[in-house]
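Try each task before you read its solution.

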Amino acid sequence: MKVSPLLSALFIFFAVGVGLYPLVYLLLDMSGGLLASKPDDLLNSPFWNICFYGHISLGGLALLSGCSQFFKKFRNKHLRLHRKLGFVYISSVMLSGLFSLYIAYYTPGGIVAVLGFEVLGILWLYTTLKAFRAILQKNLDQHENWMMRSYALTFAAVSLRLWMPILIGLIGLSFIQAYTFIAWWCWVPNLMVAQWFISKKYKRAQYKAYS
């Protein structure tokens with residue numbers, strides 16, 4: 001399915017921008033915002049810090065390594081690079097996803113927010129494993145479908161950062177209210193859009209088969 005150059009450019013811009021965002025935590029004081037909602041004993045926990053920084057760093061790497069995988073001309077022209085980037089993507093998601101299951105337990109906003117991010121982490125791991133299994137079975141069509149779903153969930157990192165300023169600055173929600181809502185809203189619409197693209201692809205294939 002063809003996508004306009006503008007949407008493609010925005011897709012790359014946000015994927016690269018948010019993919020590099022974890023560097024901000026290394027260069028600037030990020031004690032405000034999300035970290036300000038964490039208790040001191042958690043912030044001083046070595047294990048939590050490993051999981052948190054591992055999650056955001058590898059999640060950023062997943063965004064960066066996966067964004068080029070959906071451009072067929074690039075993929076077909078650089079098949080070896082596509083495979084290497086695919087390995088980086090799957091490895092990054094698996095580790096980042098496992099870290100996310102731990103840090104999601106400490107999400108501010110109560111059980112609703114915790115469940116939102118826990119379900120996201122489980123589905124992120126599941127869809128990526130399905131994509132990996134499909135390529136091992138040389139089922140390219142299913143591999144593409146599951147990778148689309150997986151990256152839609154990876155893109156939740158972008159959705160979260162786009163929606164939080166809107167929910168807080170324009171709508172007027174508190175940080176906790178916004179974060180509780182965004183725990184689901186950052187990924188459910190993404191997955192629905194991915195499924196819509198997959199359905200359109202099958203309908204187009206059926207139309208060609210019967211025309």
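Ile12, Val16, Leu20, Leu23, Leu26, Leu27 and Leu28 make a nonpolar surface patch of about 690 Å². Patch members have over 30% relative accessible area and no salt bridge, and nonpolar side chains are joined within 5 Å. This is a predicted model, where local features need pLDDT of at least 70, side-chain atom pairs need 80 or more, and totals for chains, interfaces and linings use all residues. Residues are numbered from 1 along each chain, and side-chain values use heavy atoms, leaving out hydrogens and water.

**Exercise 1.** Work out where Val16 lies and how exposed it is.

*Solution.* Next, take its relative accessible area, 31%. Buried means under 20%, exposed over 50%, and partly exposed in between (1.4 Å probe, protein chains only). So Val16 is partly exposed.

**Exercise 2.** Sort out which residues of H1 are buried and what covers them.

*Solution.* Begin with the buried ones: Ser8, Ala15, Val18 and Gly19. They share one side of H1, because they cover an arc of only 120° around the axis (taken from the directions from the helix axis to the C-beta atoms). Now turn to the other side, where Pro5, Leu6 and Phe13 are exposed. Finally, the cover over the buried residues of H1 includes helices H2 (22-27), H4 (46-66), H8 (140-154) and H9 (156-170), with contact meaning heavy atoms within 4.5 Å.

Methods
Helix = DSSP H or I, 4+ residues; strand = E, 2+ residues; numbered from the N terminus. Patch = residues over 30% accessible without salt bridge, like charges linked within 9 Å, V, L, I, M, F, W, Y side chains within 5 Å. Areas by Shrake-Rupley, 256 points an atom, 1.4 Å probe, with all protein chains shown as cover. Salt bridge = Lys/Arg side-chain N within 4 Å of Asp/Glu carboxyl O.
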